[in-house]
Amino acid sequence: MTGSLDFRDVTVRYGAAPPVLAGLTLTVTPGEVVAVIGRSGCGKTTLLHLAAGLLVPQAGQVTFGGEVRTGYVFQEPRLLPWLTLEGNLRLTSPPDRHGHIAAELARVGLRGQERRYPGELSLGMAQRAAVARALLLRPNLLLLDEPFSALDELTASELRAELAGLLRETRPTTLLVTHNPAEAVFLADRVVALAGTPAAVRGEVRVTLPRPRDPDDPAAARAVREVRQLLGGERVPV
Ligand SMILES: Nc1ncnc2c1ncn2[C@@H]1O[C@H](COP(=O)(O)OP(=O)(O)OP(=O)(O)O)[C@@H](O)[C@H]1O
């Protein structure tokens with residue numbers, strides 16, 4: 001069962017510095033994919049840390065409706081180099097999921113690769129393994145922190161399309177942090193712009209394009225333009 005992720009009037013400050021987030025309210029409904037976009041340093045990773053329970057806000061609440069199983073994909077693979085892929089995935093999953101490791105790796109295009117070490121893989125393959133590690137947990141909350149930004153665009157677009165398919169199959173409540181308006185439009189049901197100091201939700205674009213999506217669809221290009229407009233004059237690296 002998936003649930004709703006709720007940020008209610010959330011304020012976060014680190015030490016004595018001015019708050020990073022203030023009065024931020026955002027709901028990701030069950031099974032929804034929300035992309036959060038905003039300039040570097042505006043608090044996007046902070047949002048993910050709150051959702052994962054790694055950080056407690058100074059004011060407000062962050063809740064998930066029901067028992068949570070969180071999958072987290074980082075910008076880089078973060079695999080332990082001295083363990084095989086199977087060893088890496090065993091380490092972060094409960095024993096009742098260990099029998100599914102080979103199948104989960106196969107789902108992300110790594111069939112038969114479970115005995116290989118991270119150092120033997122390309123960055124794209126390693127990031128596929130990181131996606132498999134998150135999905136192996138059968139997450140009902142999936143947190144994605146710029147998961148493709150370290151990859152070349154060809155690999156990134158391939159993995160993006162595969163992830164879109166996996167999200168359709170498994171429907172976790174998903175919060176995606178990205179710098180890339182086109183990626184946000186390709187994957188998300190809703191794109192939320194975070195801006196200001198302290199940051200709050202500036203606005204959102206609802207993406208109603210049918211799935212599977214075509215990144216070259218003119219309607220997608222229009223949605224990307226809307227997202228850029230939402231971000232105003234801010235320069236967003238793509
Ligand atoms: N543990 C910490 N201690 C002190 N300050 C922090 C800490 N984590 C984040 N910050 C500060 O909070 C602000 C928001 O950081 P955060 O990582 O959430 O931004 P971001 O939008 O994810 O940035 P980027 O897009 O560059 O990854 C930044 O000014 C950062 O320096």
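Around the ligand sits a shell that, sorted by class, has three nonpolar residues, six polar ones and one charged one. Keep in mind that this is a predicted model. Here's a quick tour, starting from that shell.

**Around the ligand**
- The residues surrounding the ligand are Tyr14, Val20, Gly38, Ser40, Gly41, Cys42, Gly43, Lys44, Thr45 and Thr46.
- Lys44 and Thr46 turn up again in helix α1, which covers residues 44-52, and both are buried there.

**Helix α1 and what follows**

**A pair of helices**
- To describe two packed helices, you give the angle between their axes and the distance between those axes.
- For helix α4 (residues 123-136) and helix α5 (residues 153-170), the axes come within 11 Å and cross at roughly 15°.
- Because angles under 35 degrees count as roughly parallel, α4 is roughly parallel to α5.
- The crossing of α4 past α5 is right-handed.

**The annotated domain**
- An unreviewed UniProt entry carries the annotation "domain: ABC transporter" for residues 5-221.
- That span is 30% helix and 25% strand, and its end C-alpha atoms lie 29 Å apart.

**A look at Asp214**
- You'll find Asp214 in the loop that links β9 (200-206) and α7 (218-230).
- Asp214 has 13 C-beta neighbours inside 10 Å, so it counts as partly exposed.
- Asp214 and Leu55 are 159 residues apart along the chain, and their C-alpha atoms are separated by 36 Å.

Methods:
Residues numbered from 1 in each chain as written. Predicted model: local features only at pLDDT ≥ 70, side-chain atom pairs only at ≥ 80, totals over all residues. Near = placed C-beta within 6 Å. Nonpolar A, V, L, I, M, F, W, Y, C, P; charged D, E, K, R; others polar. Buried ≥ 20, exposed ≤ 12 C-beta atoms within 10 Å, placed from the backbone. Helix = DSSP H or I, 4+ residues; strand = E, 2+ residues; numbered from the N terminus. UniProt positions renumbered as here; feature names shortened; annotations may be inferred. Axes fitted to C-alpha atoms, helices over the stretch in contact; angles between N-to-C directions. Parallel < 35°, antiparallel > 145°, perpendicular 65-115°, else oblique. Left-handed = near helix turned anticlockwise from the far one by under 90°.
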